[in-house]
Amino acid sequence: MDSHSRSGASQGWGIVYQTLIDHGHAPRDIGQYTKRQVLLYYRCAIKIERTRRAESVLDMNQAHAGGEDATAHFKGLLE
């Protein structure tokens, strides 16, 4: 979902609503949020997604490197 804009509005409200639903917001609740709240929650959801993607890239890189560092990294994830 890296194509999301910072404001969310240029993506369309459908994308914004679906992103909030994907992050656990109930559709009935979203309709009660102010526009500012919707955009705040949307920006937070996008930040969470981007952080997860960045962490995934680092994990994949470590896995490809292999060796003792990869093993230590893997064990650290399981603690």
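What share of the 79 residues of the protein counts as buried? In this predicted model, the share is 19%. The accessible surface of the protein comes to about 6,000 Å², and carbon and sulfur atoms account for 54% of that area.

**Overall architecture**

The protein contains four helices and zero strands, which follow one another along the sequence in the pattern α-α-α-α. Of the contacts between residues at least 6 apart in sequence, 45% join residues at least 24 apart.

**Packing of α1 and α3**

Helix α1 comprises residues 13–22, and helix α3 comprises residues 35–65. Their axes lie 9 Å apart and form an angle of about 65°; the crossing of α1 and α3 is left-handed. The residues that bring these two helices into contact are listed below.

| Helix | Residues in the contact |
|---|---|
| α1 | Trp 13, Ile 15, Val 16, Thr 19, Leu 20 |
| α3 | Lys 35, Val 38, Leu 39, Tyr 41, Tyr 42, Ala 45, Ile 46, Glu 49 |

Together with Tyr 17 and Ile 21, Trp 13 makes a nonpolar surface patch of about 250 Å².

Conventions. Residues are numbered from 1 along each chain as its sequence is written. This is a predicted model: local features need pLDDT of at least 70, side-chain atom pairs count only at pLDDT 80 or more; totals for chains, interfaces and linings use all residues. Side-chain values use heavy atoms; hydrogens and water are left out. Patches are made of residues with over 30% relative accessible area and no salt bridge: like charges are joined within 9 Å, nonpolar side chains (Val, Leu, Ile, Met, Phe, Trp, Tyr) within 5 Å. Accessible areas come from the Shrake-Rupley method with a 1.4 Å probe; for residues, only the protein chains shown count as cover. A salt bridge is a side-chain nitrogen of Lys or Arg within 4 Å of a carboxyl oxygen of Asp or Glu. Axes are lines fitted to C-alpha atoms, for helices over the stretch in contact, and angles run from 0 to 180 degrees between N-to-C directions. A crossing is left-handed if the near helix is turned anticlockwise from the far one by less than a right angle, and right-handed if clockwise. Contact means heavy atoms within 4.5 Å. Buried means under 20% relative accessible area, exposed over 50%, partly exposed in between (1.4 Å probe, protein chains only).
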